Amino acid sequence: MAIRNRTDYEHALQVVGICVSARIPVLLWGNPGEGKTAVIESAAGQGWHVESLIISHYEPSDFAGLPVVTPDGSVDLAPPSWAKRLAAVDGPAIAFFDEFSTASPSLQAAALRPLTHYEVGSLKLPDTVSFVAAANPADVATAGWELAAPTASRFVHVEWSLPLEVYAEGLVTGAWPTLPVYEPPVDLGTRTDAELVLVSGFLRARESQLSAIPSDAAARGRAFPTPRTWDHAARLSAYAQAVSAPKDVRRLLITGCIGEAVAHEFLSWVSSLDLPDPEDLLADVAGAAFAGMRPDRVYVTLQGVLAAVARNSSVERWTDAVRLAAKAGETVGLDPAVPAVRALLRDGLRPGGAAVPPEIKVFAPALALAGLLPGA
């Protein structure tokens, strides 16, 4: 989405701040001189260490590690100084890869491991490090390259520009907007579980959108759906809601992960669900009503119950979850209910000593096929 005014700018700024706070790599796309570097480096004023690298000045060994022969004759991958400085920071830090569109394919490949595994050579970076990159579109970048799909799928993609309203005010006052950063919200885990359930439900209905790599080279260098980017979308959506960000910020985050078209379809689907609270269902199994519910709503509802039981398990809660799945299966049909009951019966989720309720018989054929049919 184009940034037209101060509100759009503040939304984009909050998107970047949430990605940084959630430790999910983010890439700012914008023309030269639009303040991308200044915004990221403004985090230093809030106690974050910022390590800025103009990536075209580096070699692949500056990310993969330089091979060095050790005294015992083995080969070690020595980390570069920028990674050592980040590892030595006692507190939150940002590794900022500037001019990322000037990275050659070999540099992009070398950067994959730091972005995903926090490893630079033999050095393991602390999980207090966030990765941010900035890039110019290929048509205006100096010796620019399109991003390879494996590299693009590591990032949340954010369109960036500096609107006149913000620029003119900053020139006069000298006060420029700074990057908002957050402490982990208390309820982030619960909200993340709920968002992951929504993604699971949507992909059950639209399986083709689990992984859809564009055929066009330019599109492959931006956001598109993969299992990784769906996970990022769920976690960032949860973070946005936990810090009470506007709905437009949540939409921009999801769009930056999976692309505009798929994000629009997903958010439209979510808005039509109107789901019951899993805890209310577990507290009153007899009062749970599934009649008239769409199968996709039933599936998501039961996945929410499954997540609630996995998060806080007891014999009673587990038994009630099985009874809810059976009730939904009898009322609406087995297909949307079977995945939840299968997961409940697998090793690790069923509490010791939990007896299988008699209602399970409705699933007998499906559970027998899966090898999960409980004994008498």
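One definition before the first selection: buried means under 20% relative accessible area, exposed over 50%, and partly exposed in between, with a 1.4 Å probe and protein chains only. Keep in mind that this is a predicted model, where local features need pLDDT of at least 70, side-chain atom pairs count only at pLDDT 80 or more, and totals for chains, interfaces and linings use all residues. Residues are numbered from 1 along each chain as its sequence is written, and side-chain values use heavy atoms, with hydrogens and water left out.

**Stop 1: two positive phi values**

Select Asp-274, in the loop between helix H12 (260-271) and helix H13 (278-283). Helices here (H or I, at least four residues) and strands (E, at least two) are DSSP runs, numbered from the N terminus. The phi of Asp-274 is near 55°, a positive value in a residue other than glycine. With 67% relative accessibility, Asp-274 counts as exposed.

Now jump to Arg-23, in the loop that links helix H1 (6-22) to strand E1 (26-29). Arg-23 is also not a glycine, and its phi is positive, near 60°. Its relative accessibility is 23%, so Arg-23 counts as partly exposed.

**Stop 2: the open sheet**

Next, colour the five strands that form an open sheet, in the order E2-E5-E8-E1-E9, with parallel pairing. Two strands pair if DSSP finds at least two bridges between them. At the edges you'll find strand E2 (49-54) and strand E9 (156-159), each pairing on one side only. On average, neighbouring strands of this sheet are turned by 20° against each other, direction ignored. For that angle, axes are lines fitted to C-alpha atoms (for helices, over the stretch in contact), and angles run from 0 to 180 degrees between N-to-C directions.

Zoom in on strand E5 (residues 93-98), which pairs with E2 in the parallel sense over six bridges. Show Ile-54 and its bridge partner in E5, Asp-98. On to strand E8 (residues 129-135): E5 pairs with it in the parallel sense too, over five bridges. Here Phe-96 has Val-132 of E8 as its bridge partner.

Which way do the side chains of E5 point? Ala-93, Ala-95 and Phe-97 go one way, Ile-94, Phe-96 and Asp-98 go the other way, and all are buried. In a regular strand the side chains alternate between the two faces of the sheet.

**Stop 3: a hairpin**

Select strand E3 (residues 66-69) and strand E4 (residues 75-78), which pair in the antiparallel sense over four bridges. Val-68 stands opposite Asp-76 in E4. Five residues lie between the strands of this hairpin, where Gly-73 takes a positive phi near 90°.

**Stop 4: a helix pair**

Finish with helix H14 (residues 295-311) and helix H15 (residues 315-331), packed at an angle of about 170° with their axes 10 Å apart. That makes H14 and H15 roughly antiparallel to each other (angles under 35 degrees count as roughly parallel, over 145 as roughly antiparallel, 65 to 115 as roughly perpendicular and the rest as oblique). Show the side chains in contact (heavy atoms within 4.5 Å): among them are Leu-302 and Val-305 of H14 and Trp-318 and Leu-324 of H15.

How enclosed is H14? Of its 17 residues, 14 are buried, so H14 is largely enclosed by the rest of the structure.
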